[in-house]
Amino acid sequence: MTGESIECWLTDMDGVLVREYEPLPGAAELLEQWRSQDLPYLVLTNNSIFTARDLSARLRHSGLVVPEDRIWTSALATATFLAKQVNPESNAAGSCYVVGEAGLTTALHEVGFIMTETNPDYVVVGETRNYSFEAITKAVRLINSGARFIVTNPDATGPSPEGVLPATGAIASLITKATGRNPYVVGKPNPMMFRSALNHLGAHSMQTAMIGDRMDTDIVAGMEAGMHTVLVMTGVSNQADVADYPFRPNRIINGVYELLDEPLGDDDDVDSIGSA
């Protein structure tokens, strides 16, 4: 930091605020602190299955109050990105074939895209629990016919009560193998997702902090987007993992409860806690 206080917060959801929709210590209080101090914030997730409204309701059921306009998903980031790719001089809506759920199709509809299986501009692959051989085959054929290949996030697996599930990245790899075409991936660790979140809030990276539980997505993308980074130990990373990377977060904490009633500020504050 350069002596300027943090005025905006981005935070990952799973492993930071919740674990399998069980609230983590301090999460509810931190959200209330941001609300009471009128601090802009967004809760980020690479999950593209659910709409922001769905996720807001799920979090509320877990005891966390997060309005839907404070949630930023990889589906919303993907729709925002694609909306800017459409030629404004064409006066035509963009079109896409989607392999995904309501969170993705709703986001694309809201920025004006048409869903079609006939000569779409894009094939967009997101998270779903209902991947079908037919849908994947259609995606392969459309990409081979010239549709551009977009993926919401690179996660190869996702969690479930029964164990890991194949996720977006795994399906994208299958399509890449079949087509020889690599997708453009919007979600973390692409800093594009963080920049779109900052634009959504009208915030500047130099006054924004990113809280995450993964060095290889949250922290590296936050660093590359120019933000102050905070790694929590309540998710997948541990102290030993940090040493494996050639970069470091600005701060390491045991959980978000350590951020309660503690404003981050100048260089002295950051230096004194930078390697907790």
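**View 1. Strand 9 and strand 12 side by side.** Strand 9 (residues 148-151) pairs with strand 12 in the parallel sense over 2 bridges. Here, two strands count as paired if DSSP finds at least two bridges between them. Strands (E, at least two residues) and helices (H or I, at least four) are DSSP runs, numbered from the N terminus. Look for Val151, whose bridge partner in strand 12 is Val185. What you see is a predicted model, in which local features need pLDDT of at least 70 and side-chain atom pairs count only at pLDDT 80 or more, while totals for chains, interfaces and linings use all residues. Residues are numbered from 1 along each chain as its sequence is written, and side-chain values use heavy atoms, with hydrogens and water left out.

**View 2. The five-stranded sheet, 7-6-8-9-12.** Step back and you find 5 strands in an open sheet, ordered 7-6-8-9-12, with parallel pairing. Strand 7 (114-115) and strand 12 (184-185) are the edge strands; each has a single partner strand, so one side of each has no neighbour in the sheet. Strand 8 and strand 9 run parallel and are joined by 4 bridges, with Arg148 of strand 9 as the bridge partner of Tyr122. Together with helix 5, strand 8 and strand 9 make a right-handed β-α-β unit. Right-handed means that, with the strands pointing away from the viewer, the path from the first strand over the helix to the second runs clockwise.

View 3. Helix 3 (residues 74-85) lies across strand 8, strand 9 and strand 12, at about 170° to strand 8. Helix 6 (residues 168-179) lies across strand 8 and strand 9, running at about 160° to strand 9. For these angles, axes are lines fitted to C-alpha atoms, for helices over the stretch in contact, and the angle runs from 0 to 180 degrees between N-to-C directions. Contact here means heavy atoms within 4.5 Å.

**View 4. Strand 6, covered on both faces.** Buried means under 20% relative accessible area, exposed means over 50%, and partly exposed is in between (1.4 Å probe, protein chains only). Ser95, Tyr97 and Val99 sit on one side of strand 6, with Cys96 and Val98 on the other. Strand 6 pairs with strand 7 in the parallel sense over 2 bridges, and the bridge partner of Ser95 in strand 7 is Ile114. Strand 6 is also joined to strand 8, again in parallel, by 4 bridges; in strand 8, Tyr122 is the bridge partner of Cys96.

**View 5. Helix 4 and its buried face.** Strand 6, helix 4 and strand 7 make a right-handed β-α-β unit. Within helix 4 (residues 102-110), Gly103, Leu104, Ala107 and Leu108 are buried. Seen down the helix axis, these buried residues fall within an arc of 120°, so they line one face of helix 4. The arc is that of the directions from the helix axis to the C-beta atoms. The cover over these residues includes helix 3, strand 6 (95-99), strand 7 and strand 8. After helix 4 comes Gly112, with a positive phi near 100°.

**View 6. Glu127, a buried loop residue.** Glu127 lies in the loop between strand 8 (122-125) and helix 5 (133-144). Its relative accessibility is 6%, so Glu127 counts as buried. The side chains of Glu127 and Thr168 are joined by a polar contact of 2.6 Å. A polar contact is a pair of N or O atoms within 3.5 Å; within protein, one must be able to donate a hydrogen and the other to accept it, and residues adjacent in sequence count only if both atoms are side-chain atoms. Leaving aside neighbours within four places in sequence, the residues in contact with Glu127 include Ser48, Gly100, Asn153 and Pro166.

**View 7. Arg181, a partly exposed loop residue.** Arg181 lies in the loop between helix 6 and strand 12, and its relative accessible area of 32% makes it partly exposed. A polar atom of the Arg181 side chain lies 3.0 Å from the backbone oxygen of Ile143. Not counting residues up to four places away in sequence, Arg181 also touches others, among them Ala147, Phe149 and Thr176.

**View 8. The six-stranded sheet, 5-4-1-13-14-15.** Here 6 strands form an open sheet with parallel pairing, in the order 5-4-1-13-14-15. Strand 5 (71-73) and strand 15 (251-253) are at the edges.
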